Amino acid sequence: MAKTVVATGTSSGLGFEAIKQLLQQSEPYNFILGVRDTAKAQDEYDRLDFDTKQHTITIFPLDLLSLPSVQSFAQNVLSQLGAQKLDYLFLCAGMLDSADGPGPNGSPWCSGYVVNHLAQHYLIHLLRDTLSVSQSRVVVVSSGAIRNVRGQDPATLDVDLKANSKAGVRAVYSASKFVQLLGAFYWRRELPSCTIIAVSPGLIPSTKLATDMGLSMDMPDAKSIPEGAQNLLRAFTATDIPSDPEQLFLTSWGEWWPKDVYSLALDQKLQRKWCLTKEEIEQAEGLA
């Protein structure tokens, strides 16, 4: 039977390449993709050569800067699924932005935080029951940047991730990806029937996000987009998942990172602080 994948961030870059590679496999997949520009994404996927009798692609609008859009996407996903099992939730969307301006749609938080953590965390809340019943695998696309929280002090998150904080792109990206990793640990506890994996694609300079950070293919350990996508897809099939629930980060070379690398993220009080409940999010963002 075809496996169903719900995904964000698959209209370009690593996400698009990962779906493209899955479309070349003999195992059938049903893809439900959330993108901002549905017409453009549909055109890009229509150009791919794959067996349409084996795979299906359904594209729904999703703007991660807008939590009402996340609500609408979740409703579309659940309607599309019906009684069907949700095998994978692939959270690949990422944003690189400074915190120089107001938050999106009146949010007190900067855009990078809303996209990289809050909106996708909220999406898991909205799909929670289906994920739990389906015993889904949730693949969170993380980054080695989680090690670069300013001053190695989680207190800086409260400053750097606020709208108008003037934090630069690197500070916001590192902080927001760190909070995203806190979310992976949170959901590992909250969804015990699911498999939660954070995975890094490695250093991929040719993505738009990396180019904006000034990275290049001349850097040591630089990998192409196809290589990065292959690294992400390891998280779909990995069976050597550590028994330690705090060891959930799969590196780009296919090994599980030791906990001391991300020890700052293991604080459960910190995880709870940054991983709001569905009701807390809706109240804070004016959706209640």
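**Figure 1. K273 and its partner D158.** In this predicted model, K273 is partly exposed, with a relative accessible area of 43%. Its side chain meets that of D158 in a salt bridge, with 2.9 Å from N to O. D158 belongs to helix α5 (residues 157-160) and K273 to helix α9 (residues 268-274), so this pair ties together parts that are 115 residues apart in sequence. D158 is partly exposed as well, at a relative accessible area of 30%.

**Figure 2. R128 meets E190.** Here is another pairing to look for: a salt bridge joins R128 and E190, and their closest N and O atoms are 2.9 Å apart. Which helices does this pair tie together? R128 sits in helix α4 (residues 111-134) and E190 in helix α6 (residues 169-190), so the link is between parts 62 residues apart in sequence. Both ends are partly exposed: the relative accessible area is 25% for R128 and 31% for E190.

Figure 3. Now follow helix α10 (residues 278-284), which holds both E282 and K278. The two residues are four apart, about one turn of the helix. They form a salt bridge in which the closest N and O atoms are 3.1 Å apart. Is E282 buried or exposed? With a relative accessibility of 11%, E282 counts as buried, because the cut-off for buried is under 20%. K278, at 27%, counts as partly exposed.

**Figure 4. A network of charged side chains.** Side chains of opposite charge can pair when their charged atoms come close. In this view, three residues take part: D244, E246 and K259 are linked in a network of salt bridges. For the model as a whole, the count comes to 10 salt bridges.

**Figure 5. T251 in its loop.** Where does T251 sit? Its place is in the loop between strand β7 (249-250) and helix α9. T251 counts as buried, with a relative accessibility of 1%. Which residues does T251 touch, leaving aside its neighbours within four places in sequence? The contacts of T251 are then with S200, R234 and W257.

**Figure 6. Stepping back to the protein chain.** The protein chain contains 10 helices and seven strands. Its radius of gyration is 18 Å, close to the 19 Å that the globule rule gives for 288 residues, so the chain is as compact as a globular protein of that length. Along the principal axes, the C-alpha trace spans about 50 × 50 × 40 Å. Of the 288 residues, 52% are buried. Among contacts with a separation of 6 or more, 76% come from residues 24 or more positions apart.

**Figure 7. Surface and charge of the protein chain.** The chain carries 25 positive and 31 negative side chains. The centres of these two sets of charges lie 2 Å apart.

Definitions and conventions
Residues are numbered from 1 along each chain as its sequence is written. This is a predicted model: local features need pLDDT of at least 70, side-chain atom pairs count only at pLDDT 80 or more; totals for chains, interfaces and linings use all residues. Side-chain values use heavy atoms; hydrogens and water are left out. A salt bridge is a side-chain nitrogen of Lys or Arg within 4 Å of a carboxyl oxygen of Asp or Glu. Buried means under 20% relative accessible area, exposed over 50%, partly exposed in between (1.4 Å probe, protein chains only). The radius of gyration is taken over C-alpha atoms; the globule rule is 2.2 Å times the number of residues to the power 0.38. Contact means heavy atoms within 4.5 Å. Lys and Arg count as positive and Asp and Glu as negative; His and the chain ends are not counted. The place of a charge is taken as NZ of Lys, CZ of Arg, CG of Asp or CD of Glu.
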